[in-house]
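Work through the exercises below with the sequence and the 3D structure open. Each task is followed by a solution in steps.

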Amino acid sequence: MAQSESAQVGTTGEAIPQQAPRAPRPGGDPIRVLLVDDHALLRRGLDIVLQQESDIEVVGEAGDGSEAVAKAGELLPDVVLLDVKMPKRGGIGGGIEAAAAIKEIAPSTRIVMLTMSDEEADLYEAIKAGATGYLLKEIPPHEIADSIRAVAGGQSLITPSMATKLISEFATLAKHGEEKREQGPPAPKLTDRELEVLKLIATGANNSKIAKTLFISENTVKNHVRNILEKLQLHSRMEAVMYAVREKILDLP
């Protein structure tokens, strides 16, 4: 976030030392981040944590969904850290509605839900709204920057405990027919290796873990993921998992 020339004053009244200007990340500009949470102290804490990262720049804050949508349209950040549970103001009711609206006006912006909610329904709705990450607020502070970098680099992030719940929710929806498969051509056929990669994605595994599990290189994993998305004509890893469950490509418990 832009700093004034004088030191800022924290909530305790003590002066907070001015941070040195951020150096751009190797090969490009800093990752531009918008913080959205209805608790000002939490936003302040995130800002302080991210100020330590030379390749990340907090470009704005918002305290509700409507403000988040307006700021996203104005600033076009690379990543939005967005709370799920926020009061309804200005016609936008919370983080999930805000996520969908942000993706409409800034499709290239990556959205990470950072929340206390571990409810399966919130997770599922967030992914449907366009979120590419879903992290619980209990995540250690030092992991937040790594999560931002991963999402900005094209990965989808979800904590392992929530990945299990996500698959459970998909299975329930499929069982009760709440998502009807549209009539059309058969689902594209994935290779056995691509199915193995997709199943590991569904557990929340990142490229490094998939590579170690399958004894292949990370570059090979990236190629498989790209091929999966191209075959299914989808844009993100989580969309691929949702599609695979709906089309019964994955066998679920």
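D47 and R44 are both buried, buried meaning under 20% relative accessible area, exposed over 50% and partly exposed in between, with a 1.4 Å probe and protein chains only. The model is predicted: local features need pLDDT of at least 70, side-chain atom pairs count only at pLDDT 80 or more, and totals for chains, interfaces and linings use all residues. Residues are numbered from 1 along each chain as its sequence is written, and side-chain values use heavy atoms, leaving out hydrogens and water.

**Exercise 1.** Find what joins D47 to R44, and state how far apart the two are in helix α1.

Step 1. The two form a salt bridge, with 3.5 Å between the closest N and O atoms. A salt bridge here is a side-chain nitrogen of Lys or Arg within 4 Å of a carboxyl oxygen of Asp or Glu.

Step 2. D47 and R44 are three residues apart in helix α1, so about one helical turn separates them. Helices (H or I, at least four residues) and strands (E, at least two) are DSSP runs, numbered from the N terminus.

**Exercise 2.** Describe the salt bridge of K71 with E67 and the accessibility of each residue.

Step 1. The closest N and O atoms of K71 and E67 are 3.6 Å apart.

Step 2. Both lie in helix α2 (residues 65–75), four residues apart, which means a separation of about one helical turn.

Step 3. K71 counts as partly exposed because its relative accessibility is 23%; E67, at 32%, is partly exposed.

**Exercise 3.** Locate the partners of the salt bridge between D37 and K137.

Step 1. Their side chains meet at 2.8 Å, N to O.

Step 2. D37 sits in the loop between β3 and α1, and K137 in the loop between β9 and α5; the pair links distant parts of the chain, 100 residues apart.

Step 3. D37 has 2% relative accessibility and therefore counts as buried.

**Exercise 4.** Give the strand order of the open sheet and explain which strands are at its edges.

Step 1. The six strands follow the order β4-β3-β5-β8-β9-β10, with parallel pairing. Two strands pair if DSSP finds at least two bridges between them.

Step 2. β4 (56–62) and β10 are at the edges because each has a single partner strand, so one side of each lacks a neighbour in the sheet.

Step 3. Four bridges connect β9 to strand β8 (residues 110–115) in the parallel sense, and T115 has L136 as its bridge partner in β9.
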